[in-house]
Amino acid sequence: MSPIWLITFTVLVLLQPPVDGELFTALADMEELLETEAVLITNLDNYVQAQEEKLMQLRQKVQEYRREHSEAARDVSAYLSNPVNAFLLTKRLTTDWRYVENLMTYEVGKEFLENVTSYRSVLKFPSDEDLNGAAVALMRLQDTYNLDTAALARGMLNGVQYSTELSAGDCFELGRQSYLNGDYYHTVLWMREAMDRLTSEVNRTATKEDVLEYLAFSTFKQGNIQTALLMTEELLELVPDHERAVSNKAYYEKELQKEAQQKILRGDDGSEEVPIDTTTKIQKGGAAHVYNSNERKLYEQLCRGEQQPPIELRSKLVCRYTTNSSPFLRIGPLKLEEAYLRPYIVIYHDVMSDREIERIKQYARPRFRRATVQNYKTGELEFANYRISKSAWLKDAEDEMIRTISRRVEDMTGLTMETAEELQVVNYGIGGHYEPHFDFARREERNAFKSLGTGNRIATVLFYGTAAFWFNLHASGRGDYATRHAACPVLTGTKWVSNKWIHERGQEFRRPCGLQLDHSEEEF
């Protein structure tokens, strides 16, 4: 298997205006939700004040009626013999009472609900897709970084307190979102946490019966029928006429009878009973968190910092100043650090200033769209759950600073930018990541980059404060499968990167083919 290597990106915490689209795919978009929340808080506060004013007027009427009624009750004849009192009593039960009735039936909230409706046309509101995406991101972080469920519910990430604690209702919603995705493993984790938190909540934010219903069925889907039956029976003690629970109970009992019969049959031939595997996590195939290969395990180990290049390799890596035969760089050579030898990966330090970074982000924000990947069969761009981010493309013609960066890339790489793609700027969202992938098109991807007419992606330059550079193709033009790489999920903060993909056309004399292959015959 080809090795995976990962770039660790700089994490920056920013507060900037976002753009339209799926909010969970870019943290730059999530920031505007705080503005939406602030407007809604003000609207809700005004609604509460209006309700309090309404209640205050009703209380005043109660006190007024009670005072007059008490006075009349002391001596009814004397009270009613007074024509003024008789008039006031009649008035209180006619025009005054109609006022009270109107006040009681007046819908204070109508105006404020209309405000919310109007806000939806000008403010950003998250969708159900955003809620699900945010929940999936938490699950991804939980798996990738081995985060304990209870600690995560306490707002702790790797031992650091980042947020307030989750309520039982919050944990229930995380479990429910996992359930909707067919992810029964995480459903069980979060429903159990919701159940634990319910026992200590004074003002309960979820109900035990709701938690038990999801927990029982998800436990069954993981293969533990006996426990699912016990949970269902507990649910029926709380809600005896629960229709689904009654049906599920009968089904679980039938399945347990089948299991018991199978055990008897196994014993008939003298063989031992096959032990039940209680350690395997039964999860929905194809979900992002499923460990479906050694590569995924390695990817997550690298993200956790558990894998490092061997010391024998690191001892051969050097740092140096380089001009790359560029006359311009003779007066200001680049700071080069070798990161890997095969494939050869270098990191250039101090190649983009803070001013340039902020200017690029400023240009990119209004254009952000959810990042896409290329379908290897059709060549069409499409969304994929293994790449969660938003991107924008900046042209050299738009600004002198962007043109300067392109010229700098040409000096760094020795390659022409005439056929390079535009500068791509990427902001990663909640748990934003990009799973192991290649930047170049494989041989079976015949339609990739066809519309560009510039050949395959020969090299990549990736800016994240510093800049990483590597060749995606061997000098022969064949893809270097050792350049498979990934972006780890964002645990906290927000991540910005930009990249320049350089294509083959125009590089014939800048990186010519050699007389001999620079890779093994197997790769050819």
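The legends below describe close-up views of a predicted model.

View 1. An unreviewed UniProt entry assigns the annotation "coiled-coil region" to residues 41-75. In the predicted model, this stretch is 97% helix and 0% strand. The C-alpha atoms at the ends of residues 41-75 lie 52 Å apart.

**View 2. An aromatic pair within helix H10.** A search of the whole structure gives 17 aromatic pairs. One of them joins phenylalanine 217 and phenylalanine 220 in a tilted arrangement, with 5.9 Å centre to centre and 45 degrees between the planes. Both residues belong to helix H10 (residues 208-221), where they are 3 residues apart and therefore separated by about one helical turn. Phenylalanine 217 has a relative accessible area of 23% and so is partly exposed. Phenylalanine 220, with a relative accessible area of 17%, is buried, because the cut-off for that class is under 20%. Phe217 and Phe220 also belong to a cluster linked by ring pairs, together with Phe172, Tyr179, Tyr184, Tyr214, Tyr251 and Tyr252.

**View 3. An aromatic pair between distant parts of the chain.** Phenylalanine 368 and tryptophan 496 form a tilted aromatic pair, 5.5 Å centre to centre, with 40 degrees between the planes. The pair links distant parts of the chain, its two residues being 128 residues apart. Phenylalanine 368 lies in the loop between helix H15 (354-364) and strand S8 (369-370), whereas tryptophan 496 is in strand S17 (residues 494-503). Phenylalanine 368 counts as buried, at 0% relative accessibility. Tryptophan 496 is buried as well, with a relative accessible area of 9%. The charged end of lysine 361 sits over the ring of tryptophan 496, at 5.3 Å from the ring centre.

**View 4. A charge over the ring of phenylalanine 440.** Arginine 442 places its charged end over the ring of phenylalanine 440. The distance from this charged end to the centre of the ring is 5.7 Å.

Notes. Residues are numbered from 1 along each chain as its sequence is written. This is a predicted model: local features need pLDDT of at least 70, side-chain atom pairs count only at pLDDT 80 or more; totals for chains, interfaces and linings use all residues. Side-chain values use heavy atoms; hydrogens and water are left out. UniProt positions are given in the numbering used here, feature names are shortened, and annotations may be inferred rather than shown by experiment. Helices (H or I, at least four residues) and strands (E, at least two) are DSSP runs, numbered from the N terminus. Rings of Phe, Tyr and Trp (its six-membered ring) pair if their centres lie within 6.5 Å; planes under 30 degrees apart count as stacked, over 60 as edge-to-face and the rest as tilted. Buried means under 20% relative accessible area, exposed over 50%, partly exposed in between (1.4 Å probe, protein chains only). A charge sits over a ring if NZ of Lys or CZ of Arg is within 6 Å of the ring centre and within 35 degrees of the ring normal.
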